[in-house]
Amino acid sequence: MQNPTGSAPRPPGPEDTSRWGGPAAGWRAREFRHERWRERWRSGHWARGPRADGPLRRAEEDGLVGGVAAGLAARTGLDVSLVRLALVLAALVTFGYAAVAYVVAWLLVPVRGADRSIASRARSDRRGVALAAGLATLLIVLLLIAPVLGAGLLTAVEWPLVICTAAIVLIWRNGDAGEQAAMRHLAEPLRGFTGRRGRTGVLWRMGIAAVLLIAGTGILVSGHESIKLLKPLGGAVLVLAAIAIALGPWWLGIARDLVAERRARIRAEERADMAARVHDSVLQTLAMIQRRADQPQQVIQLARAQERELRSWLFDGRAPGSMDDEMTLAAGVRRIQQEVEARHGVTVEAVTVGDCELDEDLGALLAAAREATVNAAKWSGADVISLFAEVESAEVSVFVRDRGKGFDPDAVPADRKGLAESIHARMTRRGGSATIRSALGQGTEVSLTMPRGAGERQPGRG
Amino acid sequence: MSTASARAGASRPRVAIVDDHGLFRSGVRSELGDQVEVVGEADDVEPAIAMIGQALPDVVLLDVHLPGGGGQLVVTALKAAQPQVRFLALSASDAPEDVIAVIRAGARGYVTKTISGPDLIDAVRRVAAGDAVFSPRLAGFVLDAFAALPSEAEGRPSFDPELDQLTTREREVLRLIARGYTYKEIAREFTISARTVETHVSSVLRKLQLSTRHQLTRWAAERRLI
C-alpha cells in the first residue's frame with residue numbers, strides 16, 4: 001500500500017485539475033507526485049489511494065464489513081467510498097447478485113497478510129457446512145412458499161439470499177477473531193430484540209410479529225384499488241419484518257452459541273498444548289523439588305536448569321531437551337556451564353567474546369576448561385565460578401576463576417596436583433599452555449591458551 | 001556526583017523498582033532489605049515514568065523488558081527532565097541488543113537478575129555514587145562489540161576515532177571484569193587505585209553511549225543468542 005507503483009498513480013493536486021485525471025505527464029512528474037503521495041499517506045489527507053501491487057487482498061482493518069471494498073480500493077487506487085457506493089448500487093440493480101459477489105469474495109479472498117482464505121478453512125468445518133446447507137434449504141422452502149402468498153418480488157432475490165446466507169454462516173464460523181468481532185458489531189442493532197427480557201418480551205415480540213404478518217399478508221392478498229401499487233413492496237417488507245422479529249433472536253442466539261463453542265474449542269486446544277509442555281518440564285521439576293526439599297543445593301540447581309530450559313523455549317523457541325547440532329566454541333562454553341551447574345549445584349558465570357568453529361585443538365581446550373570448572377566446583381567451596389572465553393585472531397583463551405579457598409601451589413594435595421597436571425598435559429600436547437594461579441584464601445584461576453589452528457588464518461600450523 | 005551522590009552518601013540510597021513481575025519486585029525489595037529505601041514500584045513504562053518523576057529516587061532498578069516497550073523508553077523519557085536519577089538495568093533475557101539498547105539510552109550499568117542480594121546492594125550504591133556497574137556479561141558484550149568494529153588501522157575512517165576504540169587498559173580492565181574480578185582485585189592486579197578502575201569503567205560506559213557507530217547496534221542484533 002505504502003509503496004505506489006510507477007504505472008498509473010493519478011494524484012489530485014493543484015497542477016492536476018481533472019481529479020480523475022488523464023495519463024500522468026511524465027516520469028519525473030510522477031516521481032515528484034510519489035513523494036507527495038507518501039506525504040499524503042502519512043498525514044492522512046487524501047481522497048484516493050495509490051495502487052497496490054500484488055493479488056487482491058481484503059483490507060480488514062480499513063473495511064466496514066469484510067474489507068472487500070477497501071481491498072478493491074487499495075488495489076485499484078479508487079476512493080473507498082466510491083467503491084462502496086458502486087457496490088450498493090450494483091446490488092440493487094442486479095437484484096442482489098452483486099451482494100453475492102461480495103460475500104463470495106469475502107469467502108475466497110484472503111485477508112491482507114494471510115495466505116489462506118476463509119473458504120479453505122471452512123472446508124474442514126463440517127458442522128458449519130452442514131449448518132449452511134440446512135439454512136439454505138430452509139430458505140429455499142420459505143421462498144417456494146412466498147409466491148403462493150403472492151410475494152412475487154421475493155423470488156427475484158431468492159438465489160442471492162440463499163447463497164449469501166450460506167456463505168455468511170461459513171464466514172461466521174471460520175473467520176478469524178477480528179472478522180467475528182466485525183460481524184458482531186454489525187449485528188449489534190438487532191440485539192435489542194435478543195435481550196433476555198423474559199416472557200413479556202417474547203409475548204410483545206410475537207404480538208408485533210403477528211400484527212405485521214397479518215397486515216402484510218392482508219396487503220398482499222387484498223385487491224383494494226388504493227393500495228394496489230403498494231402491494232408487492234409493502235406486503236413483502238411487512239412479512240419479512242414479521243419473520244425477522246419472530247425468528248431473528250432465536251437465530252442470533254444460535255449464531256452466538258456457535259461462536260462461543262468455537263472459541264471454547266480453540267482455547268481448549270491451546271490449553272492442552274501448553275499443559276503437555278509444562279508437564280514435561282516444569283511440573284516434573286517441581287515434583288523433584290518437593291522430594292528434595294531438604295537439600296537446598298539440589299533444589300537450586302534443579303530450579304536453575306529448569307529456568308534455563310524454560311527460557312530457551314520461551315525466547316529462542318527451542319523445544320525442551322533439544323540440543324544444537326552445530327558446535328561452536330561459545331556453544332561449548334554454554335554446555336560446560338549447564339552441565340557443571342546441573343551436576344554440582346554452583347553458579348557458573350559464563351562469558352564469551354567472539355566465536356569460532358571447533359576443531360580438535362579447541363575441543364581439547366574445551367575439555368581442559370571443563371575439567372578446570374568441575375575441579376573448581378568440587379574443591380574450591382565457592383558458589384560462583386567465572387568462566388570466560390575469548391576468541392582472538394591468533395589464539396583462544398579460557399579463564400576459569402573461583403573465589404574459593406584456594407591452595408598453596410607448593411603444597412598441593414596429590415589429587416589436585418593430578419588434576420592440574422592433566423589439564424597442563426592436555427594443553428601442551430596440542431601446542432597450548434595452561435597456568436594455574438592460586439593462593440590460600442584467595443581462590444584459584446586457571447588460564448588456558450590455545451593458538452588458532454589450521455582452520456583460519458594460519459594454515460601452516462599442524 | 002552532585003546532589004544525588006551527596007544524599008546517597010549521607011543516608012541509604014532511595015531506590016525505585018520497575019519490573020512487570022510483582023513477585024520479582026517483592027523479591028528484590030526483601031533482598032535489598034533495610035540497606036536502601038524503596039520509594040516506589042511500577043510495572044510498566046507509563047506508570048514508571050510517572051512514578052519516577054514524582055518520587056525522584058537516586059537509583060531506578062529497571063527491567064530491560066516491560067510490556068509497554070523496552071526499559072530504554074523509561075530512560076529516554078526521563079533523561080532530560082531528571083538527569084540526577086540514575087538507572088541500573090536488570091535483565092533475565094540477556095539478549096545483547098536489549099542490554100546495549102538500555103545502556104545506550106543512558107543506564108549506568110547492567111546486572112543479571114540472578115545477582116545475589118549483597119552484590120545487588122553494592123551495585124545500587126555504586127550507581128548512586130555515579131559510577132558505572134558492569135557485570136561480567138556486560139563486559140563480555142562490550143569487548144565483543146568493540147572487537148567487531150573495524151579499527152581505523154584497517155582503513156575504516158571514523159567520525160570520532162577516540163569514541164570508537166577502547167584503550168589497551170580499558171580492554172584489560174573489561175577482560176578482568178569478564179573473568180570475574182572485582183574492582184578491588186583489578187586494582188591490585190594492575191597496581192592502580194580502585195578509583196582509577198572506576199574511571200576506566202566509566203570511560204567505557206561513555207564510549208558505549210556516545211559512539212555513533214551503528215555497527216554497535218548491528219553487532220548486537222547479530223548476537224541474538226547467548
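1. Strand β1 (residues 14–18) of chain B runs parallel to strand β3 (residues 59–63) of chain B, and 4 bridges join the two. Within this pairing, I17(B) has L61(B) in β3(B) as its bridge partner. Two strands are taken to pair if DSSP finds at least two bridges between them. Helices (H or I, at least four residues) and strands (E, at least two) are DSSP runs, numbered from the N terminus.

2. The model is predicted: local features need pLDDT of at least 70, side-chain atom pairs count only at pLDDT 80 or more, and totals for chains, interfaces and linings use all residues. Residues are numbered from 1 along each chain as its sequence is written, chains are lettered from A and ligands numbered from 1 in the order in which they are written, and side-chain values use heavy atoms, with hydrogens and water left out.

3. Strands of a sheet pair through backbone hydrogen bonds, either parallel or antiparallel.

4. Confidence in chain A should be read with care. The pLDDT, which is the predictor's confidence in each residue, from 0 to 100, averages 71 in chain A, and 66% of the residues score at least 70. Confidence in this chain is lowest in helix α1 (residues 27–43), with a mean of 48, and highest in strand β3 (residues 395–402), at 93. The pLDDT is below 50 over residues 320–325 of chain A, a stretch with 7 contacts in the model beyond near neighbours in sequence. It is also below 50 over residues 454–462 of chain A, where the corresponding number of contacts is 12. A contact means heavy atoms within 4.5 Å.

5. As to its overall make-up, chain A has 15 helices and 5 strands. Of its 462 residues, 37% are buried. Buried means under 20% relative accessible area, exposed over 50%, and partly exposed in between (1.4 Å probe, protein chains only). Among contacts in chain A between residues at least 6 apart in sequence, 64% join residues at least 24 apart. The accessible surface of the chain is about 26,000 Å², and carbon and sulfur atoms account for 62% of it; such areas come from the Shrake-Rupley method with a 1.4 Å probe, and for residues only the protein chains shown count as cover.

6. Helix α2 (residues 68–76) of chain A has the buried residues V68(A), A69(A), A70(A), G71(A), A73(A) and A74(A). Their cover includes α3 (80–93) and α4 (97–108) of chain A. Just after α2(A), G77(A) adopts a positive phi of about 85 degrees.

7. A nonpolar surface patch in chain A consists of L138(A), L142(A), L240(A), I243(A), L247(A), W250(A), W251(A) and I254(A), together with about 730 Å² of accessible area. Patches are made of residues with over 30% relative accessible area and no salt bridge: like charges are joined within 9 Å, nonpolar side chains (Val, Leu, Ile, Met, Phe, Trp, Tyr) within 5 Å. Helices α6 (126–149) and α11 (231–291) of chain A each supply at least two residues, and α11(A) gives the most, with 6. I254(A) is located in helix α11 of chain A and counts as partly exposed because its relative accessibility is 32%.

8. Over all chains there are 18 salt bridges, a salt bridge being a side-chain nitrogen of Lys or Arg within 4 Å of a carboxyl oxygen of Asp or Glu. One of them joins the side chains of R370(A) and E339(A) (2.7 Å, N to O). R370(A) lies in helix α14 (residues 360–379) and E339(A) in helix α13 (residues 329–344) of chain A, so this pair ties together parts 31 residues apart in sequence.

9. A salt bridge between E392(A) and R175(B) has its closest N and O atoms 3.4 Å apart. This pair crosses between chains, from the loop between β2 (384–391) and β3 of chain A to helix α9 (residues 168–178) of chain B.

10. In chain B, the side chains of E170(B) and K207(B) form a salt bridge (2.9 Å, N to O). E170(B) is in helix α9 and K207(B) in helix α11 of chain B, so the pair ties together parts 37 residues apart in sequence. Both E170(B) and K207(B) are buried. H200(B), in helix α11 (residues 194–210) of chain B, is buried because its relative accessibility is 17%. Leaving aside residues up to four places away in sequence, H200(B) touches R169(B), E170(B), V173(B) and I192(B).
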